[in-house]
Number of protein chains: 4
Amino acid sequence: MTRKFVDLNCDMGENFGLYKVYPDDKIMKYITSANIACGFHAGDPHVMRYTVQLAKEHNVAVGAHVGFPDLIGFGRRRMECTPQQVKDYVTYQVGALWGYGRSLGVDLQHIKPHGQMYMMAGEDRALSEAIVEAIMELDKNLILFTHRAFVTYDVAKEMGLKVINEFYGDRGTRENGVLVFKFNLGDIGGSPEAMARRIARVVKENKVAAVTGKEIDLQAESVCIHSDTPQALEFFAAVHEILSKENIEITAVKNFI
Amino acid sequence: MTRKFVDLNCDMGENFGLYKVYPDDKIMKYITSANIACGFHAGDPHVMRYTVQLAKEHNVAVGAHVGFPDLIGFGRRRMECTPQQVKDYVTYQVGALWGYGRSLGVDLQHIKPHGQMYMMAGEDRALSEAIVEAIMELDKNLILFTHRAFVTYDVAKEMGLKVINEFYGDRGTRENGVLVFKFNLGDIGGSPEAMARRIARVVKENKVAAVTGKEIDLQAESVCIHSDTPQALEFFAAVHEILSKENIEITAVKNFI
Amino acid sequence: MTRKFVDLNCDMGENFGLYKVYPDDKIMKYITSANIACGFHAGDPHVMRYTVQLAKEHNVAVGAHVGFPDLIGFGRRRMECTPQQVKDYVTYQVGALWGYGRSLGVDLQHIKPHGQMYMMAGEDRALSEAIVEAIMELDKNLILFTHRAFVTYDVAKEMGLKVINEFYGDRGTRENGVLVFKFNLGDIGGSPEAMARRIARVVKENKVAAVTGKEIDLQAESVCIHSDTPQALEFFAAVHEILSKENIEITAVKNFI
Amino acid sequence: MTRKFVDLNCDMGENFGLYKVYPDDKIMKYITSANIACGFHAGDPHVMRYTVQLAKEHNVAVGAHVGFPDLIGFGRRRMECTPQQVKDYVTYQVGALWGYGRSLGVDLQHIKPHGQMYMMAGEDRALSEAIVEAIMELDKNLILFTHRAFVTYDVAKEMGLKVINEFYGDRGTRENGVLVFKFNLGDIGGSPEAMARRIARVVKENKVAAVTGKEIDLQAESVCIHSDTPQALEFFAAVHEILSKENIEITAVKNFI
């Protein structure tokens, strides 16, 4: 029988100072897991408190979106950090977000590395071990979000950390299940409805078409949609409508794994 | 009967990146409470882990030394932050340090605002309330370090947070018990031994001479000595020697309040 | 005879990293002097080059908008910097912007302190002297933008630096000619047209009504309109239309002082 | 005939805020070219002014030591920046240093990329072009310091920028003339005197032994010695003594190329 549940995650809390670019207040009602920036690649102490509060009000599970210390580059540039440095960055950022969670009565659900930390760890066992170690030393119940095809996933399994696979609903998919960075409406079916049906199919049939056209197997506990994707609100609305019709419940990943 | 216990606190973890200025490894054996910088006015994620680890190895209690986000100015410049901003900065920094404590199996004992955050809050009820609120939302068992003469102390008492008075052993004292910023050997008796006897007298008789010459009453649970004071190691050694002779036990504040 | 020329200045280059909030490309065609952020309170090296290039394409004069090193607070928080520190910050930021100007073949026209550096210097002779000294050591032909009521203006005159008074077209005016921070449409006449007529009156009659209702004398070489003011584009369009009808030429301040 | 002149360059101005680690005041008298950090990997606006002033007092030529924006990592971590980003960073930093030079009446002599910007550009034509372009747009008379074996050198020659080869006097040398990062006294002869004779031989005979033992040809206009190398002051003193005996004049590179 196919899975009946799926989590919907989105990067939140990426505003900074007076820069209020991302409409988190409009997005939050659509999602079940918020990946909250922790001040390294984006976000600041004020934005973090606001975002945790916003998630709480919408009953959205909260996770730390941990990145490289590169505000100008938004954590999207490769940085040659040692595993120990990466571990220290994860500990720091998760701790800081834990502060707001504790302050507002919200437990952390998950950790998702951001940008190049996500991608570099995906291909680097030592970096993945550093991230998993940092998380397990903080709280063994946290859930790591990554790609099934990434070594990060294998390392988490081996070390005993809960880990889930996420599917990028608003991005094309390579044959190994990894996202294509650049947004291209054609890669996801050409319309919000097509994208939503693509997601429903992943959830129910564990199948999706890669950008090469090849049909691949893909089982995902969570679907990521970016808040800065053009038409994001329409995408989210379409996903809710189609998944509801398909009897798929959208709920935080902690509720079904 | 006079108090038999005193805590010895020192600012630790103030190195940054490749800047290794402060000899924390030499100081740590002398102190019982370490105020660890959290990356805002000093310190970085790597220094923080190292310092918590060092404190653990020396069985030194760990606290967050929270400051303004002003690395160039070392948190020693007044910044006109709102109480909410200060609250957010405290939550962030304590959370981050908690991360390393959690990672290394060390509970936080205390919070000490740094530099101008310490001084500004001392004269500002709203800032003090912000700091106390931030702490209590994080952990009601944390202990706040401040001056008895500061409104911060009164606010903590009113709000139900544990708070202790600290005496600056290596600085002159104003008539209200508040430190004099600038180091002056004459203000503290002219020698390490005189400084140590001055501290012993505070602990046993609750008396000290202010820089004006006036004798004042002063009861302090903790004594702060700066690691960057000239001759700091001699000062620490003298304090241990004299206090031992006077049958005063130097122990972390959590052990006797 | 009344003045026939006026400069229109606007804060530009305040985006940062991926944060593209301010529509500089839409504003630039309306203005004659761009105050370009230099990476301390806003802006970054990439935004700076883009903004100088954009100004060049629109034949807009370029100036350095120098601020406190406080990105989270956007330079709008008081920081207790020494005059020497402020001088160093001005030299650094003007130098950096000069780099882009030199790179793109654009001479700098002016310097405008930003946010609290502008306001604090306005009431502090030592800070004003530090700013004027920094500018004169860099280039004696630069023009300083400030308020006539500020000591900064007097200091510049005394020290021999060119200085002009600016009028905040989109803000209410105190009786001493200094802006009211908070935007209030009522303070400027209630409509873009009224605002534009208010500006035209300043230029032609050197008169304006303060927010108290009192009529004051005010002679201004430049008018500042903020790009983040609601309806900014309509304001700019109205100013151009009305000033054109009034035969007032909008041109960079270097062209008529 | 062998060259009779050599420049002695050293990284200066790498202190930051209260972190006063590097003894620039003791080193400056030994060198002829100071590579001054510009606030990205090290240095700050106050340190920069101090360092330019110090160089001026010692009649030492001043250059910009431009690095990646990575203060925690001291610019020694690879960052995947685009050529345009690197160009923007160079323009910004050179401009900022120019500000202090202009302020203090000191012309810039040279540019030296720092840490990983130096190394990455050395193997990357596009990055090298970006650096050379940035410099030439600022001032065609600036001199670029790099390794002869680096593509940076070739690019500078092709584009018409003055460029010199530097030899790392306090580091071992690979067979292509590029430095070995890690300090090892054995690599440079085992003593300050041996190191100095090794430098003299490079200057007079254009020969040096690589760490492999192989004798290589190496012509260098400038010799770099690090101020944070153990025994740096002894090294500098020995270099002056030996080179004086060998009738080699130590003088800024601008004086003889």
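Start by selecting chain B and chain C: between them there are zero salt bridges, a salt bridge being a side-chain nitrogen of Lys or Arg within 4 Å of a carboxyl oxygen of Asp or Glu. Before going on, note that this is a predicted model, in which local features need pLDDT of at least 70 and side-chain atom pairs count only at pLDDT 80 or more, while totals for chains, interfaces and linings use all residues. Residues are numbered from 1 along each chain as its sequence is written, chains are lettered from A and ligands numbered from 1 in the order in which they are written, and side-chain values use heavy atoms, with hydrogens and water left out.

**Stop one: chain B against chain C**

Stay with this pair and show the contacts (heavy atoms within 4.5 Å). Now pick Arg77(B), Arg78(B) and Glu80(B): they supply 58% of the area that chain B buries against chain C, more than any other three residues.

Next, look for polar contacts, which are pairs of N or O atoms within 3.5 Å; within protein, one must be able to donate a hydrogen and the other to accept it, and residues adjacent in sequence count only if both atoms are side-chain atoms. Six residue pairs, both at pLDDT 80 or more, meet this rule across the interface of chain B and chain C.

**Stop two: chain A against chain B**

Now switch to chain A and chain B. Here 24 residues of chain A are in contact with 24 residues of chain B, and the buried area is about 2100 Å², 56% of it from carbon and sulfur atoms. How many salt bridges are there between chain A and chain B? The count is four. Zoom in on one of them, Arg49(A) with Asp88(B), where the closest N and O atoms are 2.4 Å apart. Polar contacts between chain A and chain B link 16 residue pairs, both at pLDDT 80 or more.

**Stop three: the symmetry**

A rotation of 180° with 0.0 Å of shift along its axis does it, at RMSD 0.0 Å. The two copies are therefore related as by a two-fold rotation axis. The same surface serves both, as 100% of the contact residues of chain A recur in chain B.

Technical notes. Buried area = accessible area lost by both parts, 1.4 Å probe. Least-squares fit on C-alpha atoms with pLDDT ≥ 70 in both.
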